[in-house]
Amino acid sequence: MKIKFALTDEKVEALLDKFSPLRINRKIEQALEQAGVDLSGEAADRLKSKTKAATGRLAGSLKGKVSKDGKRPVLKVGSLAAPGKPPLPYAKLRDVGGTINGKEWLAIPIKDNLKEYGRNVVTRAGIVGISAGDINDSPKQYGFDSTFIVKGKSKSPLVVMGVPLGGNQDAVAIFALRRSVTQKGYGYLTETMKKEAIPTVSEYLGMAFDEDDQ
């Protein structure tokens, strides 16, 4: 049995337009942009769930961006540069871990003492939002009469001590000073991309091209 199809000029143009490289690329780019929104949001949620540290700035910098590699659209997800805002330099460290080497001393908060003896230093969520420099400049504002530095144990070269207000308590350690700090990675971006990238992009590509079949 033979079947003949009669196509008008209008139908031929519509068919060619439907499968033209330009249209296909446009649909792919739109699908990748939508996937980037979902993936960056998932990475931000994963970051917040894995740490109680102050991560608002990092989470807010996570974006998806579609660019061209030759003629191919490419989706990038992570802490990306925005107008007037460069990518955060510690974004990768928070993801995969590594060592921070400071040009000056790095102050590591001793949270239990800051929470017990400090004032408005540790939030209800357990985040230390005040630096050692802030407390040193205005100790009474944060619950201490004064601060000073002493030499600690062999593994703790220097310690910032704080004298709690009231005079009934000896000085307590509130920050440890280090030249370098090693942090474990939270895998917020790596895990998201491994688990969610392919199914998310596939879903949006499927929806983009299904539109033509409806």
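Visitor: Which residue in β6 stands opposite G162?

Guide: The residue opposite G162 in β6 is V172. The model is predicted, so local features need pLDDT of at least 70 and side-chain atom pairs count only at pLDDT 80 or more, whereas totals for chains, interfaces and linings use all residues. Residues are numbered from 1 along each chain as its sequence is written, and side-chain values use heavy atoms, with hydrogens and water left out.

The sheet is open and has 4 strands in the order β3-β6-β5-β4, with antiparallel pairing. Strands here are DSSP runs of E with at least two residues, numbered from the N terminus, and two of them pair if DSSP finds at least two bridges between them. At the edges stand β3 (97-109) and β4 (144-151), each of which pairs on one side only. On average, neighbouring strands of the sheet are turned by 30 degrees against each other, direction ignored; the axes are lines fitted to C-alpha atoms, and angles in general run from 0 to 180 degrees between N-to-C directions.

The pair that contains G162 and V172 can now be placed. Strand β5 (residues 158-164) and strand β6 (residues 172-184) are joined in the antiparallel sense by 5 bridges.

Side chains may be considered next. R179 lies over the face of W105, 4.2 Å from the ring centre; a charge counts as over a ring if NZ of Lys or CZ of Arg is within 6 Å of the ring centre and within 35 degrees of the ring normal. The count of aromatic pairs comes to 0, the rule being that rings of Phe, Tyr and Trp (its six-membered ring) pair if their centres lie within 6.5 Å.

For comparison, another antiparallel pair may be noted: strand β1 (residues 62-69) and strand β2 (residues 72-79) are joined by 8 bridges. L62 has S79 of β2 as its bridge partner. The hairpin of β1 and β2 has 2 residues between the strands, and G70 takes a positive phi near 70 degrees in it.

Definitions and conventions
Rings of Phe, Tyr and Trp (its six-membered ring) pair if their centres lie within 6.5 Å; planes under 30 degrees apart count as stacked, over 60 as edge-to-face and the rest as tilted.
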